[in-house]
Every structure is written in C-alpha cells, then in structure tokens.
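Me: Could you walk me through this structure, feature by feature? I would like to learn how to read each one.

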Amino acid sequence: MYNTKKQNYYLMRYSFMNLSFFTVDKYEFKNRNVCDFRNAPRPHFCMGLILDGCADFFEEGCDEKIHVERGDIIFVPITARYISKWYGKPEIKYISMHFSFADMGIFGQLRVQKIKPDSFDKAKEIFEKALRNCDGTLSQQFLSKALFYEFMSETEPKLERRKSPLTDSRIKKVISYINLHSEENINIPALAKLCSMSVSHFHACFKTQTGMTPIEYKNLISTNRAMQLLISESDKSVEEISETLGFYSSTYFRRVFKSITGKTPTEYRKSAAEL
C-alpha cells in the first residue's frame with residue numbers, strides 16, 4: 001500500500017535541499033563595469049568564478065571591501081544588497097552559477113564573501129562543464145546540477161555565517177511548510193498547531209528564530225520567487241506572475257514587491273543583471 005504519510009515526511013525533511021532555480025551563465029566585459037544592486041536585492045544565490053580581471057564588492061551594512069581576482073570565487077547570498085566595480089586589462093570574464101533552494105534560509109545568514117577554491121583548474125573545469133550542459137537535454141541538465149552539488153559540497157564548509165542556522169526543529173517544520181505552500185493563503189493558527197504552540201507563543205518563537213513574522217517570511221519567499229520569474233520568464237506579464245504566485249490581486253502583489261525590493265516589478269525587470 002502506498003504510504004502517503006511517509007512520502008510527506010520525506011518531502012518535509014529533504015525538500016530544503018531541492019533547487020527551485022538554477023542556471024549558469026558566462027559574462028564578458030571590456031575594461032570596466034559597475035553593477036549596483038543596493039536597491040534591488042538578489043533574487044537568488046550567485047557563485048561566480050573569476051576567469052579574467054578583478055572586482056571590488058561593497059555590501060550594504062558592511063565596511064569591508066571584498067576584492068576578487070582571477071582564480072577567486074565571489075559568493076553572493078540571496079537578498080544581498082551591494083555594488084560591484086569590475087576592472088579588466090582589458091578583459092573581464094567570469095562564469096556564474098545562480099541558484100535558489102526550496103528553503104531560502106538553508107545556509108543561515110550569509111554575507112557577500114570571497115572563497116578560494118582548492119584548485120582553480122578543477123573549479124574552472126566544473127564551471128565550464130556545468131555551463132555547457134545547463135541548457136541541453138534532460139540528461140545534460142542533470143549533469144550540470146550534479147556538478148553544482150559536487151562543487152557545493154566542497155564550498156559550503158568554507159562559507160562564513162553571520163548567525164547560526166535555525167535551531168528550533170518546530171520552527172524548521174513551519175519554514176518547510178511555508179516554502180512548499182507559499183502560493184497558498186497562510187493560516188497562522190494552523191501553523192501554530194503544526195508545531196504544537198499557542199498562536200502568541202508561536203508568533204514570538206518564529207520572530208526570534210527568523211527575525212520576521214510568518215507573513216513577512218511568506219511575502220519574502222514569494223517576492224524572491226517573483227524576482228526569479230521576472231528574469232527567467234520575461235514573456236510573462238506582471239499580472240500572470242502575480243497569479244502564479246497566488247496573490248489575490250496584482251495591485252497587492254506590486255505593493256508587497258516594492259516594499260521589499262524598493263522597486264516595482266516592471267522597474268526590477270528592466271534593471272536586473274546578475275553580478
């Protein structure tokens with residue numbers, strides 16, 4: 001007999017590792033380039049391998065300048081706000097993996113940071129192979145993602161966190177539920193019941209663990225998915241994206257989106273770039 005309860009258990013336990021968005025792109029510029037995302041937080045994680053040239057990254061709220069050059073990897077966490085200034089003599093080249101997981105907080109709180117790969121040649125081979133296969137046949141796409149997971153398994157231990165990941169397993173369960181059902185209406189009493197808490201206690205615990213209310217978290221998840229769709233599905237209208245994400249009106253969607261990103265969906269779509 002098919003065990004639905006067991007299937008749901010595995011979905012809840014392991015869904016945080018699922019990629020909700022993944023692509024690989026190569027970028028080339030001459031001499032200089034500036035990317036300003038101080039008013040447009042990243043809708044996904046970016047992990048870029050520098051092939052030629054160098055860059056300085058300045059993250060909002062951080063006084064430290066992060067300098068990267070050939071052989072370095074720049075890791076940009078989801079929702080990061082920053083400006084990057086690129087310099088080449090004359091060329092600037094990098095390959096970037098862009099990705100999101102079902103659980104937006106999978107790594108805890110990260111900052112923009114530089115990572116030194118164990119071997120530049122090996123990293124270059126992985127990034128170039130992932131790039132070649134990213135938009136190919138289904139089997140090639142599987143290979144591209146497998147290369148990403150392989151590289152991520154070596155990179156994740158090197159990431160510096162501002163704060164430890166979630167520690168309360170009950171809140172983790174709710175986070176997973178919201179991630180899986182962000183296109184539906186969120187019922188706070190039902191979420192509180194899911195982790196066997198009163199509504200007031202649940203609300204306080206959730207905010208302590210995440211720094212935001214359940215509705216704020218749900219809106220952040222929806223907005224980040226909207227930012228991905230605005231980039232990856234440029235043929236869809238704002239109204240269609242709003243409907244896809246379960247907003248009851250495109251007007252409310254626009255209001256939520258601007259309150260989080262500082263831009264309307266249309267403004268964000270026009271200004272979005274990758275690193």
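Me: Let's begin with N33. Which residue does N33 stand opposite in β6?

Reply: N33 stands opposite W86 in β6. Strands here are DSSP runs of E with at least two residues, helices are runs of H or I with at least four residues, and both are numbered from the N terminus. Two strands pair if DSSP finds at least two bridges between them. Strand β1 (residues 19–36) and β6 pair in the antiparallel sense over 16 bridges. One caution: this is a predicted model, where local features need pLDDT of at least 70, side-chain atom pairs count only at pLDDT 80 or more, and totals for chains, interfaces and linings use all residues. Residues are numbered from 1 along each chain as its sequence is written, and side-chain values use heavy atoms, with hydrogens and water left out.

Me: How many bridges join β2 to β6, and how many join β3 to β6?

Reply: Strand β2 (residues 45–52) runs antiparallel to β6, joined by seven bridges, and G48 has S96 as its bridge partner there. Strand β3 (residues 54–59) is also antiparallel to β6, with six bridges; C54 stands opposite Y87.

Me: Now the helices, please. How do I describe the packing of two of them?

Reply: Two packed helices are described by the angle between their axes and the distance between the axes. The axes are lines fitted to C-alpha atoms, for helices over the stretch in contact, and angles run from 0 to 180 degrees between N-to-C directions. Helix α7 (residues 214–232) and helix α9 (residues 250–261) pack at about 95°, with axes 10 Å apart. That makes α7 roughly perpendicular to α9 (65 to 115 degrees; under 35 is roughly parallel, over 145 roughly antiparallel, the rest oblique). Contact means heavy atoms within 4.5 Å, and the residues of α7 that meet α9 include N219, L220 and T223.

Me: Where is S222 found, and which residues does S222 touch?

Reply: S222 is found in helix α7, where 15 of the 19 residues are buried. S222 is itself buried, at 1% relative accessible area. Not counting residues up to four places away in sequence, S222 touches S182, L245 and F247. S222 and S182 are 40 residues apart in sequence, yet 6.5 Å apart in space, C-alpha to C-alpha.

Technical notes
Buried means under 20% relative accessible area, exposed over 50%, partly exposed in between (1.4 Å probe, protein chains only).
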